[in-house]
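Me: I am new to reading protein models and would like to know what stands behind the words used for them. Please set each value against its definition before you draw a conclusion.

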Amino acid sequence: MMANITTGGGFPAVPPRRKHGPLYRFLMPWVFLTLFVIVFYNVRIRDPRVSTEYPSYLPGAEVELPEYVRENFLTQNPYSRPGAYLRKINGVVIHYVGNPGSTAGANRSYFESLSDGTTGVYASSHFIVGLEGEVIQCIPLTEIAYASNDRNGDTISIEVCHPDAGGQFSDVTYQRLAELTGWLCWKFDLEPSEAVIRHYDVTGKRCPLYYVEHPEAWEALRGDIASVKARLVAEAEAEAEAEAD
Ligand SMILES: [Zn+2]
């Protein structure tokens, strides 16, 4: 009458471990191996500190720049050319150098001079457009520049020289800036009215000064950039058609 409730009908207290079938035992090592390869591949290839290969997935890789761009890259250093990959290009940020009358070359030298770390300043830009409309490229389009704070990781930066403290760009500088920015918008499929922004739009810094103080001049510049992009799109289409004939 007094049945032993805890042990029930004579079952063992601990159930036997379920044995895996032969298929399971055959597949599991392969599942683990596959996971390992996936994890290893991502760490090895995607981490720039580990990878020695030039990753082709970078949007700025193997892009041929317009002939007016003079390439003069900064030496890699923690202060102005950190060498981190620019994995996304979602916009272009326009700056003014804030040093009236200084040339593109002088501003490039300034960025290079930061490399010794004595000032502790971190600054650079992908491009500098000079007083005569010359363009110096300081950073490859596959790497980030230290120019636009939170947007360093997904934008291309352009510093622009200006003759006086007001910060308005001279005509030749303005035209070249519109040409370069329009070209970037065409190349990376960016919408000028949204993707071309001022440093001011990122941090509230009054840069580029004249185009912060004169919003209508800024919108006009964006319009001119959009016209350049439209022209390049049309030219590319015409070229493609000519090749197809
Ligand atoms: Zn700026």
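**Reading the terms in this model**

Reply: Aspartate 189 is found in the loop between H3 and helix H4 (192-195), where helices (H or I, at least four residues) and strands (E, at least two) are DSSP runs numbered from the N terminus. The model is a predicted one, in which local features need pLDDT of at least 70 and side-chain atom pairs count only at pLDDT 80 or more, while totals for chains, interfaces and linings use all residues. Residues are numbered from 1 along each chain as its sequence is written.

Me: Why does aspartate 189 count as exposed?

Reply: Aspartate 189 has 11 C-beta neighbours inside 10 Å. A residue is exposed if 12 or fewer other C-beta atoms lie within 10 Å of its own, buried if 20 or more do, and partly exposed in between, with C-beta atoms placed from the backbone; aspartate 189 therefore counts as exposed. Its phi is also positive, at about 55°, although aspartate 189 is not a glycine.

Me: What makes asparagine 149 exposed, and what is the value of its phi?

Reply: Asparagine 149, which is found in the loop between E4 and E5, has 11 other C-beta atoms within 10 Å, so it is exposed by that count. Its phi is near 55°, a positive value in a residue other than glycine.

Me: How do you know that valine 93 is buried?

Reply: Valine 93, in strand E2 (residues 91-96), has 27 other C-beta atoms within 10 Å, and therefore it is buried. Leaving out residues up to four places away in sequence, valine 93 touches (C-beta atoms, placed from the backbone, within 7 Å) Ala147, Ser148, Arg151, Thr155, Ser157, Ile197, His199 and Val202. One of these, histidine 199, is 106 residues from valine 93 in sequence, yet their C-alpha atoms are 6.0 Å apart in space.

Me: Why is cysteine 138 called buried, and where is its place?

Reply: The place of cysteine 138 is in the loop between E4 and E5, and because 24 other C-beta atoms lie within 10 Å, cysteine 138 is buried. Its contacts beyond four places in sequence include Asn72, Phe73, Leu74, Arg108 and Phe111. Between the C-alpha atoms of cysteine 138 and arginine 108, which are 30 residues apart along the chain, the separation is 6.9 Å.

Me: What makes leucine 209 buried?

Reply: Leucine 209 lies in helix H6 and has 20 C-beta neighbours inside 10 Å, so it counts as buried. Leucine 209 touches Tyr96 and Gly167 when residues up to four places away in sequence are not counted. Proline 208 is found in the loop between helix H5 (199-203) and helix H6 (209-213), and a cis peptide bond with omega of about -5° joins proline 208 to cysteine 207.

Me: Which residues of helix H2 are buried, and how do you know where they are placed around the axis?

Reply: In helix H2 (residues 104-113), the buried residues are Ala104, Asn107, Arg108 and Phe111. They cover an arc (taken from the directions from the helix axis to the C-beta atoms) of only 105°, which puts them on the same side of H2. An α-helix has 3.6 residues a turn, so residues three or four places apart point the same way. The cover over the buried residues of H2 includes strand E3 (127-129), strand E4 (135-137) and strand E5 (155-160).

Me: Why is H3 called oblique to H7?

Reply: Helix H3 (residues 171-187) and helix H7 (residues 215-244) pack at an angle of about 55°, and their axes are 8 Å apart. Axes are lines fitted to C-alpha atoms, for helices over the stretch in contact, and angles run from 0 to 180 degrees between N-to-C directions. Angles under 35 degrees count as roughly parallel, over 145 as roughly antiparallel, 65 to 115 as roughly perpendicular and the rest as oblique; H3 is therefore oblique to H7. Residues in this contact include Ala178, Trp183 and Trp186 of H3 and Leu221, Ile225 and Val228 of H7.

Me: How many helices and strands does the chain have, and what share of its residues is buried?

Reply: The chain has 7 helices and 6 strands, and buried residues make up 31% of its 245 residues.

Key. Two residues are in contact if their C-beta atoms, placed from the backbone, lie within 7 Å.
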